[in-house]
Amino acid sequence: MPALACCVDAAAVAPPGYAAFFAGDSSLPAASPFSSSTAASTVNSNSTHWSTAHSTALYRIEGWGAPYFSVNDSGNITVRPYGTDTLPHQEIDLLKVVKKVSDPKSVGGLGLQFPLIVRVPDVLKNRLESLHSAFESAIQAQGYESHYQGVYPVKCNQDRFVVEDIVKFGSPFGFGLEAGSKPELLLAMSCLCKGNREALLICNGFKDAEYIFLALLARKLALNTVIVLEEEEELNLVIEISKKLSVRPVIGVRAKLRTKHSGHFGSTSGEKGKFGLTTTQILRVVKKLQDSGMLDCLQLLHFHIGSQIPSTVLLQAGVGEAAQIYSELVRLGADMKVIDIGGGLGIDYDGSKSGNSDLSVSYGLHEYASAVVNAVRFVCDRKSIKHPIICSESGRAIVSHHSILIFEAISATVPTAMNPVDLPSILDGISEDARADCWNLIQAAVRHENETCSVYADLLKQRCLDWFKEGSLGIEQLASVDGLCDLVSNMVDASDPTRTYHVNLSIFTSIPDFWSIGQVFPIVPIHRLDERPDVRGVLSDLTCDSDGMIDKFIGGETSLPLHELEGNGGGANGRYYLGMFLGGAYQESLGGVHNLFSGPSVVSVLQSDGPHSFVVTRAVPGPSCGEVLRVMQHEPELMFETLKHRAEEFCVQDHDDEGTYAALVSTIARSFHNMPYLVAASPCSLTATNNNGFYYPNEEDYNAAVDSGASEDEHWSYCYA
C-alpha cells in the first residue's frame, strides 16, 4: 500500500474535537497483545515476569505432554525418553537437536533442511512397555487366567525403522503386527522373521486370492498368522487355497457390534459399519467350517468400536458385547483362543482429560487395561469359559508420542502502521454517501463503538471500490480510504489483531489430518518459553492453496500465542522453531505431494550420557525436487538435459564465458538435488553473489561452479550425490 500523506490542517475540515485524532493522537485504547483464553486464564498474563511455568500452563504442556515432554530452565521443550523414570540429566533438549541437525557439516552439524521429523525410539519403547505393563497389572489384580499379547497396526506408520523398532522392543512379550493390505502383509512377514515366534500376525482388510495365499504362506513359514474374515465370501478362498498348500489355517472373524462410538472416529462401528460380519453371517461361517471339518481353525474374534474411544464406559459396553459373542462361538464348538479388541485406545491431544471430545480421552493406560480385562473376565466367568488371550491393535497410542514435527516460521504479517491520514484528499472526489460513511466512521471511532466502526468501514470501502471499478476514483484515493479504515481498526481494535505466521511447511504433506478431517494437534514453540508470547497468530504454509492454513488449535482456540520474530531471537540464530506433537500416527502415510512439496527430513535420536544427553543414530534428508518430480512420472535427468541445453544457447547468445555457463548449470543441478522447501538465511548462507544476472547462494559456491569445468555426467551426479 502506498504510504499515506501526512495530515494537513485537519481542523479545517473535521468537526470540532476531531483534529487531534487525524493528527495521529493514539489516545484510544490500543489492541491487547492477545485475548485471554481458557488456558491462559490460569496464569497471570499481566505479570511483568514471565516464567517457563506460565508457558507450560498456557500451552497445556503437562496435560497433553506428560510424561514425555516438559520445559527446561532455558525455556526449551525437552523430551523425557523414559517417561516418569527419566532423570533430569537424561532429558533431551529439542533446540540442541535442531542445532545439531541443521548446522552445516563444516561446523559439525548434519546440514539437513527443514521441515524435520525427530523420532525418539526410547519413547516408542517406553510406550510399548507401559501398555504391556498396564495389562499385566490388570491381569494380576483381577486374577485373570490368561495373558495380554498386542499387535501394532502398521497402517499407523509404515516407516521401516518404526516397524522394526516395534518388533525389536516388543519381542520380550510377544508383541506382533497387524496388516490390512498386501504390501503391509509383506512388510509384516519380513519384520516378524526377526521377532518372537509367538508374536501374532493379524491379517485384516479386504482380501483376494493373492492376499490369502501370502497369509497362508506366512503360516507355512512358521509365523503365527491369523486370517480375519472381513467378508463372508473370503472363507471360500481360505478353504480352497489352504487345501492346495496343505496348510491348516488359523481363522478369525470380525464382528459388527451393536455398540457404536458416536464420535467422528466411530464411523466404522455399529451394524452399518464398513467392516465385519453380522451375527447371521458369523453363524453361516461356523456352519461352513463345520461342514468342511475345519471348525477347530476358528480361534479368534475381532471387533473394532472405533479410534479414540472417549471413555471406559463405552469401552466396557463394546468389550462386554464382544465377549458374549466369543462365549457363543465356544459353545458352538469353535476352538476359540484369542479375543482381539481392535484399536481405540486414545490419546489426549488437548490435555483436557475429557470423555466428550474426539481430541481427548477420560482415562489412562491402566484404566483402559483394567476396563478391558474386567469386561472379558466377567462374561467368561459367568459362562464358565476359559479366559482368552487378550489382543489389542493399539497404533495411535504407541507411535504418536515418539515423533515430533519441527518447522520454521520464516516471516509474519505486520500490523499496518498507524500513519496520519490526509483527510482532505480522501473527502475530495468521493460521493456524498461515502463522505457520510467517512464521518460516521470517525464518530464511531471516537465513541469506541467497535462494531459500528466495522459496519461503516465496510460500507465506505465498498462504495469506494465500486467507484474505483467504474474508473471514477484513483488508486491513490482508494489507498487513502483503506489507510483510514486500517487506522481506525488498529486504534479501536475493531479488527482481529491476529497475525499470520508463514511457516516452511506443507500442511497437506506433513499434517494431512488437519486439512482432511480437522484433527487438531498440539503446536508449541520449542524455545523462548521463558519469554512472554506477545502476539497471537495463525500459521500459513507454503502451498498455493487457501486450505494451507492452521487456524484451529487445542482448547478451541482460533489462534496461537507466539513470539515476535526477531533478528536475534531465542539464541537460535534469529530463527523461530515450532513443534507439532503427538503426530506420529497416520500423518506420514497419508501425506501427499500437493504443489510437489515432499516429505520432511527425518532423524532418530537416542538418549546418551554425553554432554548433550543425546546422539543422532540415523539421519535421512527429505526427498529432493528431483525425487518428488519422479513420483509424478517426470524424468529429472531429461529435464536437466533440456535446461542445460537451453542455458548453453542463452550463454552463447549473450557471449558469456564458460565459467558463467558452468556456474549456471551447476546451480540448476543443485536445485534438482535440494528439497522443495525454502532455505532460510543463516550464518552459513552469505549474501548472494551476482554475476551477469545469475545469483549463487554465496561466493564459495560461485567460485566452485566457475572452477569446476565438470562434464555432463559429473553435473548430474552432483545433482544426486
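How many strands form the open sheet that begins with β1, and is the pairing parallel or antiparallel? Three strands form this sheet, in the order β1-β2-β3, with antiparallel pairing. The model is predicted: local features need pLDDT of at least 70, side-chain atom pairs count only at pLDDT 80 or more, and totals for chains, interfaces and linings use all residues. Residues are numbered from 1 along each chain as its sequence is written, and side-chain values use heavy atoms, with hydrogens and water left out.

**Terms for strands and pairing**
- Helices (H or I, at least four residues) and strands (E, at least two) are DSSP runs, numbered from the N terminus.
- Two strands pair if DSSP finds at least two bridges between them.

- Three bridges link β1 with β2 (residues 77-79) in the antiparallel sense.
- S70 has T78 in β2 as its bridge partner.

**Parallel sheet**
- Eight strands form an open sheet with parallel pairing, in the order β5-β6-β7-β8-β9-β10-β11-β12.
- At its edges lie β5 (151-153) and β12 (389-391), each pairing on one side only.
- From one strand to the next, the twist averages 25° (axes are lines fitted to C-alpha atoms, for helices over the stretch in contact, and angles run from 0 to 180 degrees between N-to-C directions).
- β5 and β6 (residues 176-179) run parallel and are joined by three bridges.
- P153 has E178 in β6 as its bridge partner.

**Helix on the parallel sheet**
- Helix α8 (residues 209-220) packs on the sheet and touches β6, β7 (200-203) and β8 (224-229), where contact means heavy atoms within 4.5 Å.
- The direction of α8 makes about 150° with that of β8.
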